[in-house]
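Take a look at the sequence and the model, then read on.

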Amino acid sequence: MSDPKTFFLDEEEIPFEEGQTIIQAALSAGKYIPHLCYHPEFKPHGSCKLCTVRIDSRTVTTEDGQTVKIPGRAAASCTTPAQAGQHVESEVPEILDLRRTLVQMLLVEGNHYCPSCEKSGKCMLQGLAYDLGVMDPHFPQYFSKREVDASHPDILLDFNRCILCELCVRASAEVDKKNVFALSGRGNTKHLICNSESGKLGDTNLAATDKAANVCPVGVILHKRHGFEVPYGQRRFDRAPISDNPAQYAPVKEQV
Amino acid sequence: MNAPLPKRKLKVATTSLAGCFGCHMSFLDIDERILDLVELVEFDRSPITDIKHCSPDCDLGIIEGGVCNAENVHVLHEFRKNCKILIAMGACAINGGLPAQRNSLDIRDILAAVYARPGRGVHIPNDPEIPLLLNEVHPLHEVVRIDYFLPGCPPSGDAIWKFLTDLLAGRTPTLGHGLIHYD
Ligand code: SF4
Ligand code: SF4
Ligand code: FES
């Protein structure tokens with residue numbers, strides 16, 4: 001038995017177990033760090049950068065007696081292992097500004113018309129934007145032209161809202177063992193594809209009960225014949241902000 | 001001691017561009033608080049007054065809806081010229097909203113589908129009185145500088161009230177949980 005290890009998250013001491021990443025330890029300790037591509041059941045992906053934190057900033061005194069802050073390195077907390085004694089900044093203005101910008105970029109890059117999206121009210125991108133106080137898109141709207149795939153009997157794909165988090169890709173490969181989804185292309189042509197000869201979801205063996213059909217954090221992978229079931233005002237992020245209950249995102253402890 | 005400055009009411013202009021007037025209807029949801037509001041502001045161009053052009057000394061311009069035709073561009077420029085502060089109110093003003101869902105389609109195909117379908121004749125309206133449609137619907141901040149954004153489809157009466165009272169009190173408007181909504 002070694003001594004319990006701890007690090008500091010916004011000055012608060014957080015215990016962690018060897019091998020845990022910063023976000024895992026934080027969420028286990030009930031401290032929320034924003035994230036989109038992280039999911040407690042899957043290998044970290046490190047692509048959305050919403051979970052960015054600053055590690056080990058230093059304050060130094062210059063020769064003329066002024067104190068200057070030297071910012072520590074910025075890192076994705078979902079892929080960075082926790083280390084004893086390190087100082088992590090998360091809820092600080094500079095990091096919050098960065099996250100706000102990332103959310104704005106995601107919102108203008110896809111076609112996010114929340115009023116007509118069935119995920120609205122329980123969408124993690126939207127929930128995060130609310131929590132960060134995103135009032136404006138800041139950037140010009142991209143108006144990308146993307147298809148909808150309605151070929152599957154039970155599942156609808158609206159690629160307009162894909163944030164390329166690969167949660168469906170990982171769920172299909174790691175849990176369902178089906179490899180239904182993949183990402184293809186680079187840069188702004190990068191997009192989600194379905195693994196069938198026609199490229200259509202209807203020609204894959206995806207089932208509505210698959211993990212991959214139920215893991216999308218935004219409104220891409222939708223179940224047909226279900227929509228707008230919870231009234232406005234009673235949906236998940238109407239009732240409580242996304243940051244309210246970090247335990248729901250905490251990693252599942254291995255049973256020994 | 002200096003005498004207090006005489007209180008001048010702020011001049012507010014409002015308009016709906018490519019919107020459904022839902023944001024204006026929601027504005028009325030501030031209910032009896034509108035009596036407090038008219039103590040502080042007077043309405044210039046707006047659907048309430050039916051003034052056609054805003055006065056050159058408006059303090060606040062509140063705009064609902066995005067930009068979908070040449071007239072919208074014109075009105076938006078007029079607002080920018082005549083109002084010190086412009087507020088984009090609602091989803092359409094902020095990102096084009098539902099009207100912008102036509103942006104992935106070809107404008108000729110849309111007009112043909114609407115007006116030149118079998119059984120509907122072949123005439124696509126082209127009277128010079130009808131404002132020219134733009135190829136795409138645009139949010140306001142792509143056309144002129146916007147000072148503040150008030151999201152929602154529509155923003156609730158409470159959100160509009162909080163936003164305006166913050167602004168009139170000289171604070172940066174913030175909408176906390178429950179008031180900030182994109183739908
Ligand atoms: S996926 Fe989320 S952010 Fe995008 S339109 Fe749907 S609710 Fe809005
Ligand atoms: S479809 Fe959903 S889960 Fe899959 S990559 Fe896109 S946003 Fe992520
Ligand atoms: S949650 Fe860490 S990069 Fe996406």
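Let's start in chain B, where B:Pro154 sits in the loop that links β7 (148–150) to α6 (157–168). The peptide bond between B:Cys153 and B:Pro154 is cis, with omega at about -10°. Keep in mind that this is a predicted model.

Why point these spots out? Most peptide bonds are trans, and most residues other than glycine have a negative phi.

| Residue | Phi | Where it lies |
|---|---|---|
| A:Lys177 | about 55° | loop between α4 and β10 of chain A |

Is A:Lys177 buried or exposed? A:Lys177 is exposed, because its relative accessible area is 65%, and exposed means over 50%.

## Chain A as a whole

Stepping back, chain A holds five helices and 12 strands. Its radius of gyration is 20 Å, close to the 18 Å that the globule rule gives for 256 residues, so chain A is as compact as a globular protein of that length. Along the principal axes, its C-alpha atoms fill a box of roughly 65 × 50 × 40 Å.

How much of chain A is tucked away? Of its 256 residues, 46% count as buried. Then there's the matter of who touches whom: take the contacts in chain A between residues at least 6 apart in sequence, and 65% of them join residues at least 24 apart.

Now for some detail. Three strands of chain A form an open sheet in the order β8-β9-β12, with antiparallel pairing. At the edges are β8 (148–149) and β12 (221–223) of chain A, each of which pairs on one side only. Strand β9 of chain A covers residues 155–158, and two bridges join it to β8(A). In one of the pairings between residues, A:Val148 has A:Asp158 in β9(A) as its bridge partner.

Helix α4 of chain A spans residues 167–175, and its buried residues are A:Leu167, A:Cys168, A:Val169, A:Arg170, A:Ala171 and A:Ser172. What do the buried residues of α4(A) pack against? They pack against β10 (181–184), β11 (191–194) and β12 of chain A. After α4(A) comes A:Lys177, the exposed residue from the table.

## The cores

The largest nonpolar core has 88 residues, and the members that touch the most others are A:Phe7, A:Leu36, A:Leu125 and A:Phe181. Another core lies apart from it, with 18 residues, including B:Leu17, B:Ile63, B:Cys83 and B:Ile146.

A:Phe181 is worth a click. Setting aside its neighbours within four places in sequence, A:Phe181 is in contact with residues including A:Leu157, A:Leu192, A:Ile193, A:Leu206 and A:Ile221. Its contacts also include A:Cys168, A:Val169 and A:Ser172, which are among the buried residues of α4(A).

## Around ligand 1

Last stop: which residues are around ligand 1? They are A:Leu107, A:His112, A:Tyr113, A:Cys114, A:Cys117, A:Ser120, A:Cys123, A:Leu125, A:Gln126, A:Arg161, A:Val218 and A:Gly219. By type, the shell divides into seven nonpolar residues, four polar and one charged.

Notes. Residues numbered from 1 in each chain as written. Chains lettered and ligands numbered in written order. Predicted model: local features only at pLDDT ≥ 70, side-chain atom pairs only at ≥ 80, totals over all residues. Heavy atoms only, no water. Pairing = 2+ DSSP bridges. Helix = DSSP H or I, 4+ residues; strand = E, 2+ residues; numbered from the N terminus. Near = heavy atom within 4 Å. Nonpolar A, V, L, I, M, F, W, Y, C, P; charged D, E, K, R; others polar. Core = buried A, V, L, I, M, F, W, Y, C linked by side-chain atoms within 4.5 Å. Buried < 20%, exposed > 50% of the residue type's maximum accessible area, 1.4 Å probe, protein only. Contact = heavy atoms within 4.5 Å. Rg over C-alpha atoms; globule rule 2.2 N^0.38 Å.
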